[in-house]
Every structure is written in C-alpha cells, then in structure tokens.
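Me: I would like to learn how to read a few features of a structure. Please give the general idea each time, then the case at hand.

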Amino acid sequence: MKRLKKITDDLFFGRKNENSGKGLFVLPEDLIGMRRYIAYMRALERRRSFSHQAGDIKSAFKGRGMELEEIRSYTFGDDVRDIDWRVTARKEAPYTKVFAEEKDREIYVWLDLSALMVFGTRRELKTVAAAKAAALLGWLAFENKDRFGCIIFDGSESFLFRPQNNRAQLTAVFKKISEVSRNALQFKPAERSAAFKSLKLLEQNAGNRAAVFLLSDFSLAEGDWQKQLAGLAKKTQLFIFNIFDVIEELPPKAGEYMAEYGGKRLIFDSGDKLYRRSYQNYFAEKRSRLKEFCTKFNCKLVEFRTDREIADNLKFL
C-alpha cells in the first residue's frame, strides 16, 4: 500500500512539485509575471505576418472594424468572409474588403477553476495552467488597449469582472484567480447546472463581436452544453481552450493505480488492453465533439496541454 500511495501522489501532483508546492495554485505575482510572454507573442505575430498568415490570436485582438477602408486584391491569409463578391465577379479575380482597425475591443475570458480541473501529473494542475493562460490573455488585451473582462467559475459560483482597460482591474482579477485556485484544492463538488448558469451569464454580458475565450477541460460539458455555447458563438468570436493533462489523452504505464475524488477511492489496473482502448476512446470522443462544434460554429479550438511550456502551447493558436 505504501508503494501504491507513492504512485498515487506522483500521479496527481507530479514528482517535480512534491517539495516545492509549486504548480498546485497560483499567486498574484505568478499571473503578473505572465506579462513577459508578450514579447514572444509579438515575435510570433511578426513571423505569421511574414508568411502572409495573420494568425487567429492576432485577429482576435486586432478585430474587424465596421468602417470600410479599401477594396484590394485577395491575398493568401485574408478572411474569406471579407471577399467582395460583386467586385470579384466584375474583375474575374478575387477581391477583399479591408476594414479600419477596431479600437477598444471587448475581450472576455471564462475561466473554469472547478474541482474537476484540480488534476495534474506533470508540471502543474490544470487550474494553474488555465489561470496562467487567462492572465496572458489579460495582458494581451491591456497592451492592445482593449477592454478585458473575466468570469471565474469555481464549480458553484461565478465571479464577474466587467470589461475595463486599466491596471487596477487586471490586478483585481489576478487576486481573485489566485484566491479561487487555492480554494479549489478543497475539492468542492462541481455542479453542472451552475456551469450552465455561468455560461449564460457570459452570453448576457459579452457584447456583439467580442472575442471570447473559454478555458476549461469541458468535463462539465455534457448533455445540452452545445446549446449553451451556440448562442455565444453566433454573436462573438469564440475561442475554446481545451485544457488537458497528458495522462488524460494517453493511459499510464501498465500497473495498479489509486484515484480519489469526493472521498471515494478507486484502484485500477491500466495493463488490460480493453481498458486501455476504452480509456483512449473516452478522451478522443470528447475531443471530437469539441472539434465538430468548432467546425459548425466557426470557432477556434486550441489544444492546451499542461506539461508544455505556455509558449509552446501558444504555437497552436
């Protein structure tokens, strides 16, 4: 049993974090420190521009203005939704509309810090990875002079911060994220109905054409969850960050493991072939549902794995 317990500790918290305690929750200074990745993001944008690809994350913050600036020849990487079909038919070559850049855009983050996100086998828990990603999005909004709003969901309650563009607002959001991420370690059961209400709150507050980022593992996204997001996807530019641990995608090495949640313990053998196939299929099916939704509603799906450096995850944006 001692050996089994040690394996379990490594499974949930990771060897790297046993003594330091890092990776279990975030401090405000950790989130403030995410500002250092801004330079990386700008370099990434320059590389994409050089290759004639604007990049989804860049366009999310730059936005599409309502004022028509010019009509020019279509170039690779332009949004096909901006093609001027009348001019294209007349010229017999594709032409696209260029809009004046939209300023002071609204950026909203929905951050899932519920108990189901308190899991990690490498580097840090999913709650920590999601919190850092939210902080970086906040800094990007701040640097681009956009208004940043956030809804923090703890499994039962939602904490709403309406969009603003000032340092005080960002600091207040970071403090609340830190508090909720620490409280999440108490493993308070998550409520699916509360998650639906939280997403409804987001839909009611997010303005038309806002860029909205959902940061979650979508464990609560069962049943009619797509209906909850469909309305949001139709009125906003929606980005879905699928936060996951590598062991959710691939089963652990063959052996006996103990898992615990809500006071209940389960011992399982990961060596069984049927078990391993079912294990992988469960995650693959959930990923497939997210991809189908994003394809249907023109959303951007970002696969965000917790054992990667955040800069590496950003390559997939």
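Me: Is Gly-255 buried, partly exposed or exposed?

Reply: Buried means under 20% relative accessible area, exposed over 50%, and partly exposed in between (1.4 Å probe, protein chains only). Gly-255 has 23% relative accessibility, so Gly-255 counts as partly exposed. This is a predicted model, in which local features need pLDDT of at least 70 and side-chain atom pairs count only at pLDDT 80 or more, while totals for chains, interfaces and linings use all residues. Residues are numbered from 1 along each chain as its sequence is written, and side-chain values use heavy atoms, with hydrogens and water left out.

Me: Where is Gly-255 found, and which residues does Gly-255 touch?

Reply: Helices (H or I, at least four residues) and strands (E, at least two) are DSSP runs, numbered from the N terminus. Gly-255 lies in the loop between helix H10 (246–249) and strand E8 (256–261). Contact means heavy atoms within 4.5 Å. Not counting residues up to four places away in sequence, Gly-255 touches Phe-268, Asp-269, Ser-270 and Gly-271. Phe-268 is 13 residues from Gly-255 in sequence, and their C-alpha atoms are 8.2 Å apart.

Me: Is Thr-88 buried or exposed?

Reply: The relative accessible area of Thr-88 is 14%, so Thr-88 is buried. Thr-88 belongs to helix H5 (residues 85–91). Leaving aside neighbours within four places in sequence, Thr-88 contacts Ile-83, Ala-93, Pro-94 and Tyr-95.

Me: How do I read the packing of helix H9 and helix H11?

Reply: Axes are lines fitted to C-alpha atoms, for helices over the stretch in contact, and angles run from 0 to 180 degrees between N-to-C directions. H9 (residues 225–235) and H11 (residues 273–297) pack at about 30°, with axes 11 Å apart. Angles under 35 degrees count as roughly parallel, over 145 as roughly antiparallel, 65 to 115 as roughly perpendicular and the rest as oblique. H9 and H11 are therefore roughly parallel to each other.

Me: Which residues of H9 and H11 meet?

Reply: From H9, Trp-225, Gln-226, Leu-229, Ala-230, Ala-233 and Lys-234 meet Arg-289, Leu-290, Phe-293 and Phe-297 of H11.

Me: How many residues has helix H7, and what is its reach?

Reply: The expected span of a helix is 1.5 Å times one less than its number of residues. H7 (residues 167–183) has 17 residues and reaches 25 Å from its first C-alpha to its last, close to the 24 Å expected. Buried residues of H7 include Leu-170, Val-173 and Phe-174. Among the elements that the buried residues of H7 pack against are helix H6 (126–143) and strand E4 (147–153).
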